[in-house]
Amino acid sequence: MTRTPIAEAVPAMASPHLDLADLDELDQAAELTAANELDAQLLRMNSISLGELNSQARLMTRVDRKYFLPRALFVELLKATEDDFSVLEIGQKRCFEYRTVYFDSPDFRFFRDHVQERRHRYKVRTRTYVETGTCHLEVKSKGYRGQTVKERIPHSTDRPGSLSETDIGFIDSIIGGDSHRRVPADRLEPVLETIYDRITLCHDHQRLTCDLNIRAVNGDETHDGPDDVLVETKSAGGGGIWDALLKQHGVRPHKVSKYCVAASLLYPQLPSNPWKQTIKRYFV
């Protein structure tokens, strides 16, 4: 599979003496330079193993904030915090491909709960970690105090879009007790997949996930995400180091859900008002 370079798209300056082929070459050179800068910066940072990361900042219950960052600013902030944050490394790699299949009811109950900003809502998904060859079934719930709780069990890598009887029992054990939001797990079906590259950073009990090259997929239909990096800060109480730095740079949090944006793009009959501006600005 051809991978999109991890790079900032830097527009070349137009010149009356340059034809389109010359401009394309300049764009490719700029992307390669930016990709090399990001790769070099990641290599300068201390690494942390998956076991150490889970021990230090597992954060299955946390407060999340999401930001869109131009890639040049992302690299700048990596440099500014390289003495504080470590980067996850597995098998000498520091950027990993994630494939996530989302499940919803035929009437998109989970999606509609999010649109209506229900204080207690769920997501059900399988997540495949391509480099490690592992997969988990996850149920994420948003609590009444704004906290995110994630519970998961191992899942077959061969059937990420299917739910076994064990999976159904696990989902019902979490969602079935919520009489107001009950969606029988045996009615859930796969509705879309998101594919992206992820860099994970850690400092004390703070964790950052940084997603690049996001794609939303349903069958043969694909929508590409932003050139920007989607950074999600995760901490027990919210308001970590990167939150403060981003505020100083005038970058504000976005209320964005990869699942809901992808569903809005792939199922245009669904309501998309909460994400119209995000989709217009960042997605194609």
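Is Tyr-98 buried or exposed, and at what relative accessibility? At 8% relative accessibility, Tyr-98 counts as buried, since the cut-off for buried is under 20%. The model is a predicted one. The points below take its parts in turn.

1. Tyr-98 and its partner. Tyr-98 forms an aromatic pair with Tyr-129. The pair is edge-to-face, with 4.9 Å centre to centre and 75° between the planes. Because Tyr-98 lies in strand E4 and Tyr-129 in strand E5, the pair ties together parts that are 31 residues apart in sequence. Tyr-129 is buried too, with a relative accessible area of 15%. The structure holds 8 aromatic pairs.

2. Thr-128. This residue belongs to strand E5, which covers residues 121–129. At 13% relative accessibility, Thr-128 counts as buried. Leaving aside residues up to four places away in sequence, Thr-128 touches Glu-97, Tyr-98, Arg-99, Thr-134, Cys-135 and Pro-160.

3. The largest nonpolar core. This core has 31 residues. Among those with the most contacts inside it are Phe-108, Phe-111, Val-191 and Tyr-259. Two or more residues come from each of strand E4 (96–104), strand E8 (189–203), strand E9 (206–218), helix H7 (258–266) and helix H8 (276–282). Helix H7 gives the most, with 7 residues. A second, separate core has 24 residues, including Phe-74, Leu-201, Trp-242 and Leu-245. As general background, nonpolar side chains tend to be buried together in soluble globular proteins.

4. Phe-108. This residue sits in the loop between E4 and helix H4 (109–115). At 8% relative accessibility, Phe-108 counts as buried. Not counting residues up to four places away in sequence, Phe-108 touches Val-191, Tyr-259, Tyr-267 and Leu-270. The phi of Phe-108 is near 55°, a positive value in a residue other than glycine. Most residues other than glycine have a negative phi.

5. Asp-204. Here, too, phi is positive in a residue other than glycine: the value for Asp-204 is near 50°. Asp-204 is found in the loop between E8 and E9. With a relative accessible area of 46%, Asp-204 is partly exposed.

6. Other aromatic features. Tyr-102, Phe-111, Tyr-259 and Trp-275 form one aromatic cluster. Phe-111 and Tyr-259 are also among the residues with the most contacts inside the largest nonpolar core. Elsewhere, Lys-258 lies over the face of Tyr-196, at 5.0 Å from the ring centre.

Notes: Residues are numbered from 1 along each chain as its sequence is written. This is a predicted model: local features need pLDDT of at least 70, side-chain atom pairs count only at pLDDT 80 or more; totals for chains, interfaces and linings use all residues. Side-chain values use heavy atoms; hydrogens and water are left out. A nonpolar core is a set of buried Ala, Val, Leu, Ile, Met, Phe, Trp, Tyr and Cys residues joined through side-chain atoms within 4.5 Å. Buried means under 20% relative accessible area, exposed over 50%, partly exposed in between (1.4 Å probe, protein chains only). Helices (H or I, at least four residues) and strands (E, at least two) are DSSP runs, numbered from the N terminus. Contact means heavy atoms within 4.5 Å. Rings of Phe, Tyr and Trp (its six-membered ring) pair if their centres lie within 6.5 Å; planes under 30 degrees apart count as stacked, over 60 as edge-to-face and the rest as tilted. A charge sits over a ring if NZ of Lys or CZ of Arg is within 6 Å of the ring centre and within 35 degrees of the ring normal.
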